[in-house]
Amino acid sequence: MVEKQRLFDSEQMVAAFGGQVGVVMGQDMYDRARKALREGRKTGRYFAPGCCHHPDYITQVPVLFEDGSYDVMRSMNIKKQSDIPEEKRLMIQDIIQKNELAD
């Protein structure tokens with residue numbers, strides 16, 4: 001079986017160019033977030049109608065942001081972050097728990 005290549009993995013911390021911090025969502029979490037959270041409409045997101053129901057994690061990456069919104073971002077508009085403050089990590093984890101998004 002051939003494994004699909006991804007630029008971003010689920011639960012990986014990322015930052016948008018505007019400085020907003022977020023976490024990459026897996027497909028199950030993304031499906032639940034679409035029902036429970038608002039779309040953030042951040043700069044660098046995909047916005048074509050009907051796109052992004054099944055993101056590929058190469059060009060389309062679903063991200064849950066620290067403000068409680070989500071967007072499917074273009075991969076070139078986010079970057080991997082490893083030095084996220086613990087306070088922001090906990091804030092995002094709290095959003096996941098409150099909205100029952102965890103897998």
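I began at Leu-101, which touches Met-29, Arg-32, Ala-33, Ala-36, Leu-37, Leu-64 and Ile-96, leaving out residues up to four places away in sequence; contact here means heavy atoms within 4.5 Å. I note that this is a predicted model, in which local features need pLDDT of at least 70 and side-chain atom pairs count only at pLDDT 80 or more, while totals for chains, interfaces and linings use all residues. Residues are numbered from 1 along each chain as its sequence is written, and side-chain values use heavy atoms, with hydrogens and water left out.

I then looked up the largest nonpolar core, which has 18 residues, and found Leu-101 listed with Met-25, Leu-37, Leu-64, Ile-92 and Ile-96 as those with the most contacts inside it. Such a core is a set of buried Ala, Val, Leu, Ile, Met, Phe, Trp, Tyr and Cys residues joined through side-chain atoms within 4.5 Å, where buried means under 20% relative accessible area and exposed over 50%, partly exposed lying in between (1.4 Å probe, protein chains only). A second, separate core of 10 residues includes Val-14, Val-24, Val-61 and Val-63.

The buried residues of α2 are Ile-92, Ile-95 and Ile-96. Seen down the helix axis, they fall within an arc of 100 degrees, so they line one face of α2; the arc is taken from the directions from the axis to the C-beta atoms. I found that they pack against β1 (13-16), β2, α1 and β3 (60-65), whereas the face turned away carries the exposed Glu-87, Leu-90 and Lys-98.

Terms used:
Helices (H or I, at least four residues) and strands (E, at least two) are DSSP runs, numbered from the N terminus.
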